[in-house]
Amino acid sequence: MRNETRGTVELTLAMVLSGTLGVFVVESGASPFEVVFFRCLFGAVALGAYSLARGFFTGHGFTAKKLGLAALGGVFIVFNWVFLFEAYEATSISLATVVYHTQPFFLVLLGAVFMRERISAGKLGWLALAFAGLVLVSGVRPGDTASLKGLGFALAAAVLYALATFVTKRITGVRPHLVALVQVLVGLPLLLPFADFGAAAGLGSGWLWLVGLGLIHTGLMYVLMYAAYAKLPTAKIAVLAFTYPAVAMGVDWAVYGHHIGLVQALGVPLIVLASLKVTLAARTPAAAPAPRTAAQGTGASSPVATRVA
């Protein structure tokens with residue numbers, strides 16, 4: 001199998017796995033705080049074991065500053081998951097996932113505010129198009145507080161992931177597996193005060209779903225992504241990333257019977273197209289990489305970081 005073909009298979013599989021994440025969250029029966037806590041716990045075991053087996057701890061490349069940035073990014077990542085999983089409960093996996101894909105636009109705005117990066121007329125146009133798509137996708141009617149609440153949670157998750165991207169993209173020379181490991185380890189003490197272990201003890205078969213979130217969606221999925229990024233050009237990575245929301249919407253319909261309406265469906269391609277254009281524009285040679293993803297060596301990365309929950 002050719003290198004690029006293998007990378008395509010790996011990334012497609014990773015995106016398919018990511019699209020099933022919502023089902024694992026819902027079927028676990030745990031609250032978002034417990035789900036994220038145990039995702040961090042089992043994910044740390046998976047990433048730690050893999051990194052140890054591959055010898056990544058030798059010459060890890062961390063400095064005090066890089067470790068601090070990874071930890072700060074971890075704070076944003078962990079609460080991003082909490083808000084996203086809250087959105088699943090308040091609305092639907094489909095709606096939450098599509099709204100969550102506004103992450104690149106918040107990253108553009110953060111760059112403009114904190115780095116004084118100029119937003120071109122073209123990007124403003126794509127931002128406006130994405131906002132129009134968001135309005136259509138939300139489908140929120142007056143008095144529909146549940147959908148409005150879910151929309152707010154998904155937007156908050158997108159903002160937090162953009163903040164994580166903004167912080168951790170400045171980490172270079174460290175394998176992304178180790179950065180991800182630091183981030184999930186940060187989640188353990190961070191979420192400990194919020195976790196209800198009494199309720200978690202009675203989950204029964206829900207524990208299998210929680211273990212799956214850690215081992216499959218935080219261990220195997222990340223390993224597949226990081227391996228694929230080394231083999232694929234940016235354009236293909238950005239396009240394949242949209243396998244994630246497509247699978248999430250399909251799974252939500254197949255398992256729970258949730259589907260978006262006709263008007264909402266009109267907004268999906270607007271968000272997808274605008275997000276793709278902004279992502280590819282951000283990956284010019286002068287642009288900085290996104291967080292937690294590796295393309296080559298130990299410090300390169302990929303735009304898919306702004307796509308994966």
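**Figure 1. Salt bridges in the predicted model.** Three salt bridges are counted in this predicted model. One of them joins the side chains of K236 and E4, with a nitrogen-to-oxygen distance of 3.0 Å. K236 belongs to helix α12 (residues 234-240) and E4 to helix α1 (residues 3-19), so this pair ties together parts that are 232 residues apart in sequence. K236 is partly exposed, at a relative accessible area of 31%. E4 is also partly exposed, with a relative accessibility of 28%.

**Figure 2. The pair E10 and R6 in helix α1****.** A salt bridge links E10 with R6, and their closest N and O atoms lie 3.4 Å apart. The two residues are four positions apart in helix α1, which means that about one helical turn separates them. E10 is buried, with a relative accessible area of 11%, whereas R6 is partly exposed at 46% relative accessibility.

**Figure 3. The network of R6, E10 and K231****.** Salt bridges link R6, E10 and K231 in a network. Between K231 and E10, the closest N and O atoms are 3.0 Å apart. K231 lies in the loop between α11 (206-229) and α12, while E10 lies in helix α1; the pair therefore ties together parts that are 221 residues apart in sequence. Both K231 and E10 are buried.

**Figure 4. Confidence along the chain.** The average pLDDT of the chain is 84, and 88% of the residues score at least 70. Residues 284-306 have a pLDDT below 50, and this stretch has 77 contacts in the model beyond near neighbours in sequence. Where pLDDT is low, the predicted coordinates should not be read in detail.

Key
Residues are numbered from 1 along each chain as its sequence is written. This is a predicted model: local features need pLDDT of at least 70, side-chain atom pairs count only at pLDDT 80 or more; totals for chains, interfaces and linings use all residues. Side-chain values use heavy atoms; hydrogens and water are left out. pLDDT is the predictor's confidence in each residue, from 0 to 100. Contact means heavy atoms within 4.5 Å. A salt bridge is a side-chain nitrogen of Lys or Arg within 4 Å of a carboxyl oxygen of Asp or Glu. Buried means under 20% relative accessible area, exposed over 50%, partly exposed in between (1.4 Å probe, protein chains only).
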